[in-house]
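Visitor: I'd like to take a close look at a single part of this model. Could you walk me through it?

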Amino acid sequence: MRTLLALLIVTLALAALCCCEKDPKEPSGSLSADSVKIKKEVANAFVKRQKRSSLYERYFEYYKNPMEQMHERCENYPPCDYLSDQIGFSLAYNRFFGRY
């Protein structure tokens, strides 16, 4: 256990040294505002805007199917939730809320 912890500490120390070394191109070591900014085209390459979905997809975001509603009903009632972990959802739901 101690050897594993020592190995972890050494690895983290080496990683910190590698990540924190000064940039040889910039002797002052401080970042300027120009080096932090990126062009819009470059930013759009990895940040994608979510496209609008169709009416069919929006409908299913707002309205849940009946099985999901039953699962939530059982999860919100602690005895049913506990029993569903023990014997399964369908048997627990039938016991507390009747046939589905």
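This is a predicted model: local features need pLDDT of at least 70, side-chain atom pairs count only at pLDDT 80 or more; totals for chains, interfaces and linings use all residues.

Visitor: Which exposed residues are carried by the face of H6 turned away from its buried side?

Guide: The face of H6 you ask about carries Pro78, Tyr82 and Asp85, which are exposed. On the buried side of H6 are Cys80, Leu83 and Ser84. Viewed down the axis of H6, these buried residues fall within an arc of 105°, so they line one face of the helix. They pack against helix H5 (66–76) and against H7.

Let's follow the H7 side. Helix H6 spans residues 78–87 and helix H7 residues 89–97; the two pack at an angle of about 145°, and their axes are 7 Å apart. The crossing of H6 past H7 is right-handed. H6 brings Pro79, Cys80, Leu83, Ser84 and Ile87 to the contact, while H7 brings Phe89, Leu91, Ala92, Tyr93, Arg95, Phe96 and Phe97. By class, the residues of this contact are 10 nonpolar, one polar and one charged. After H6 comes Gly88, with a positive phi near 110°.

Now for the core. The largest nonpolar core has seven residues: Met70, Cys74, Cys80, Leu83, Phe89, Ala92 and Tyr93. H5, H6 and H7 are the elements that each give two or more residues to this core, and H7 supplies the largest share, three residues.

Terms used: Residues are numbered from 1 along each chain as its sequence is written. Side-chain values use heavy atoms; hydrogens and water are left out. Axes are lines fitted to C-alpha atoms, for helices over the stretch in contact, and angles run from 0 to 180 degrees between N-to-C directions. Helices (H or I, at least four residues) and strands (E, at least two) are DSSP runs, numbered from the N terminus. A crossing is left-handed if the near helix is turned anticlockwise from the far one by less than a right angle, and right-handed if clockwise. Contact means heavy atoms within 4.5 Å. Ala, Val, Leu, Ile, Met, Phe, Trp, Tyr, Cys and Pro count as nonpolar, Asp, Glu, Lys and Arg as charged, and the others, Gly among them, as polar. Buried means under 20% relative accessible area, exposed over 50%, partly exposed in between (1.4 Å probe, protein chains only). The arc is that of the directions from the helix axis to the C-beta atoms. A nonpolar core is a set of buried Ala, Val, Leu, Ile, Met, Phe, Trp, Tyr and Cys residues joined through side-chain atoms within 4.5 Å.
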